[in-house]
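Please read it alongside the sequence and the coordinates.

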Amino acid sequence: MKTPLSSMLLVLAASFIGSFAMVILKAGADRLTSGLRHMFFSWRIGVGVLLFGVSSIFYMFGVKQGNLTVLYPLVSLGYVWTLLWARVFFQESFNRSKWFGLALILLGVVSIGLGNR
């Protein structure tokens, strides 16, 4: 069975949304003052959890129609998005190791994607 483009796009959207959810969770966690009690009143943490739920729905519909061996590696693109978000929102630095890891992830995703032909 060949994996449809629509499934790939759904999984890519899920990885994008999931990476953004992680950034919002971190922003909420950075503002926590003490204990778990405050966690339940943080709108950032609530939005992050909600976005993870939305991301899961996109994954579910994405993997429904395609090959898991093609689609699941696309999930690793979430690491790529997260690396970019960390730079944009938290001014985290890039070093040679991060660039190398980024290149390996992209090479792996492309290699596995070619197996869909």
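The model is a predicted one. The protein has five helices and zero strands, and 30% of its 117 residues count as buried.

**Overall fold**

- Read from the N terminus, the order of elements is α-α-α-α-α.
- Contacts between residues at least 6 apart in sequence are joined in 77% of cases by residues at least 24 apart.

**Packing of α1 against α2**

- Two packed helices are described by the angle between their axes and the distance between the axes.
- For α1 and helix α2, which spans residues 43-64, the axes come within 8 Å and the crossing angle is roughly 165°.
- An angle over 145 degrees counts as roughly antiparallel, and α1 and α2 are therefore roughly antiparallel to each other.
- The crossing in which α1 passes α2 is left-handed.
- By class, the residues of the contact of α1 with α2 comprise 22 nonpolar, seven polar and one charged.

**Packing of α1 against α4**

- The axes of α1 and α4 also come within 8 Å, but here they cross at roughly 40°.
- That angle makes α1 oblique to α4.
- α1 passes α4 in a right-handed crossing.
- On the α1 side, the residues in this contact are Leu12, Ser15, Phe16, Ser19, Phe20, Val23, Lys26, Ala27 and Asp30.
- On the α4 side, they meet Leu77, Gly78, Trp81, Thr82, Trp85, Phe89 and Phe90.
- The contact of α1 with α4 divides into 10 nonpolar, four polar and two charged residues.

**Nonpolar core**

- In soluble globular proteins, nonpolar side chains tend to be buried together.
- The largest nonpolar core here consists of 10 residues, namely Met8, Val11, Val70, Leu71, Leu74, Leu77, Val80, Leu83, Leu102 and Val109.
- Two or more residues of this core come from each of α1 (5-30), α3 (68-71), α4 (77-90) and α5 (96-114).
- The largest share of the core, three residues, is given by α4.
- Val11, one of the core residues, touches Tyr59, Gly62, Val63, Leu71, Leu74 and Val75 when residues up to four places away in sequence are not counted.
- Among these partners of Val11 are Leu71 and Leu74, which are core members too.

- Gly62 lies in helix α2.
- Buried means under 20% relative accessible area, and Gly62, at 0% relative accessibility, therefore counts as buried.
- Leaving out residues up to four places away in sequence, Gly62 touches Ser7, Leu10, Val11 and Leu71.
- The C-alpha atoms of Gly62 and Tyr72 are separated by 9.8 Å, with the two residues 10 apart along the chain.
- Leu10 is placed in helix α1 and counts as partly exposed at 27% relative accessibility.
- Beyond its neighbours within four places in sequence, Leu10 is in contact with Phe58, Phe61 and Gly62.
- Leu10 and Phe58 are 48 residues apart along the chain, and their C-alpha atoms are separated by 5.6 Å.

**Arg44**

- Arg44 lies in helix α2 and is partly exposed, with a relative accessible area of 23%.
- With residues up to four places away in sequence left out, Arg44 touches Ile24, Ala27, Gly28 and Arg31.
- A separation of 6.9 Å lies between the C-alpha atoms of Arg44 and Ala27, which are 17 residues apart along the chain.
- Ala27, a partner of Arg44, is also one of the α1 residues that meet α4.

**Gln91**

- Most residues other than glycine have a negative phi.
- Phi of Gln91 is near 55°, a positive value in a residue other than glycine.
- Gln91 lies in the loop between α4 and α5.
- With a relative accessible area of 56%, Gln91 is exposed.

Conventions
Residues numbered from 1 in each chain as written. Predicted model: local features only at pLDDT ≥ 70, side-chain atom pairs only at ≥ 80, totals over all residues. Heavy atoms only, no water. Core = buried A, V, L, I, M, F, W, Y, C linked by side-chain atoms within 4.5 Å. Buried < 20%, exposed > 50% of the residue type's maximum accessible area, 1.4 Å probe, protein only. Helix = DSSP H or I, 4+ residues; strand = E, 2+ residues; numbered from the N terminus. Contact = heavy atoms within 4.5 Å. Axes fitted to C-alpha atoms, helices over the stretch in contact; angles between N-to-C directions. Parallel < 35°, antiparallel > 145°, perpendicular 65-115°, else oblique. Left-handed = near helix turned anticlockwise from the far one by under 90°. Nonpolar A, V, L, I, M, F, W, Y, C, P; charged D, E, K, R; others polar.
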